[in-house]
Amino acid sequence: MNGAQDLGGQMGFGPVRPETDEPIFHAEWEKRVLAINVAAGAMGAWTIDGIRAARESLPPAQYLSSSYYEIWLAGLNRMLVAQGFVTPEELEQGRPLAPAKTPKRVLKGDEVASVLRRGFPYEREAQAPARFAIGDAVRTITMHPQHHTRLPRYARGKQGVIERITGCHVFPDTGAQGLPESAQWLYTVVFTGPELWGRDADPTSTVSIEAWESYLEPA
């Protein structure tokens with residue numbers, strides 16, 4: 001999906017101004033939004049790519065005018081409604097109006113630390129050898145899918161070089177759609193600035209992206 005989150009190479013949004021000594025949270029409510037997202041994700045009703053797709057498919061005007069955790073909250077609300085845990089009316093009124101759907105799992109408070117330490121591994125056993133090797137010249141495919149993808153719009157149809165092979169990982173494009181899990185080899189591909197941004201780009205600049213195997217073709 002070519003959504004509002006995919007801003008690479010676009011102009012007119014003003015300069016990027018890094019915040020000196022930026023805090024992890026800018027307000028107390030942001031901590032609560034993160035905690036609710038962790039607890040809701042542990043219910044097992046969606047994948048990490050599914051919730052990412054819910055955020056990135058927000059209407060552009062809403063996405064671009066929202067802060068980071070406002071986007072997280074809006075994406076979670078969409079997913080909770082889509083999975084039948086709440087209704088739009090309940091969100092609007094801030095209270096339950098009917099018995100809630102029972103989740104597969106409930107993350108208890110005393111389990112949070114160990115669950116976060118353990119993480120959620122997405123590496124899988126490969127079913128075939130990697131198609132590409134370090135140093136191979138590759139070209140990304142050109143596509144404009146209606147569904148979620150991790151291949152940035154600015155890096156489609158561009159030539160790069162395999163910099164690293166990071167193993168076989170869950171493929172996000174299918175995971176975001178709720179399809180059966182599949183896995184592919186994942187590569188770090190490095191591109192030159194001029195290849196991505198044209199002849200006016202800094203010739204010494206490079207950009208690396210993580211690209212699943214089906215995103216790539218031999219150059």
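**Exercise 1.** Find the charge that lies over the face of W72, and then see which rings cluster with W72.

*Solution.* Start with the charge: R55 sits over the W72 face, 3.9 Å from the ring centre. The rule here asks for NZ of Lys or CZ of Arg within 6 Å of the ring centre and within 35 degrees of the ring normal. Next, the cluster: W72 belongs to one aromatic cluster with F25, Y68 and Y69.

Before you go on, a word on the model: it is predicted, so local features need pLDDT of at least 70 and side-chain atom pairs pLDDT 80 or more, while totals for chains, interfaces and linings use all residues. Residues are numbered from 1 along each chain as its sequence is written, and side-chain values use heavy atoms, with hydrogens and water left out.

**Exercise 2.** Work out how F132 and Y187 are paired, and which parts of the chain the pair links.

*Solution.* First, the rule: Phe, Tyr and Trp rings (for Trp, the six-membered one) pair if their centres lie within 6.5 Å; planes under 30 degrees apart are stacked, over 60 edge-to-face, and the rest tilted. That gives nine aromatic pairs. Now the location: F132 is in the loop between α6 (112-118) and β1 (137-140), Y187 is in strand β3 (residues 183-192), and the two are 55 residues apart. Helices (H or I, at least four residues) and strands (E, at least two) are DSSP runs, numbered from the N terminus. Finally, both F132 and Y187 are buried; that means under 20% relative accessible area, with exposed over 50% and partly exposed in between (1.4 Å probe, protein chains only).

**Exercise 3.** Why does the pair of Y154 and W197 count as tilted?

*Solution.* Their planes are at 35° and their centres 5.1 Å apart, so the pair is tilted. W197, at 39% relative accessibility, is partly exposed.

**Exercise 4.** Which residues of α1 are buried, and which exposed residues are on the face turned away from them?

*Solution.* The buried ones are E30, V33, N37 and A40. They share one side of α1, because they cover an arc of only 90° around the axis (taken from the directions from the helix axis to the C-beta atoms). The face turned away carries exposed E28 and R32.
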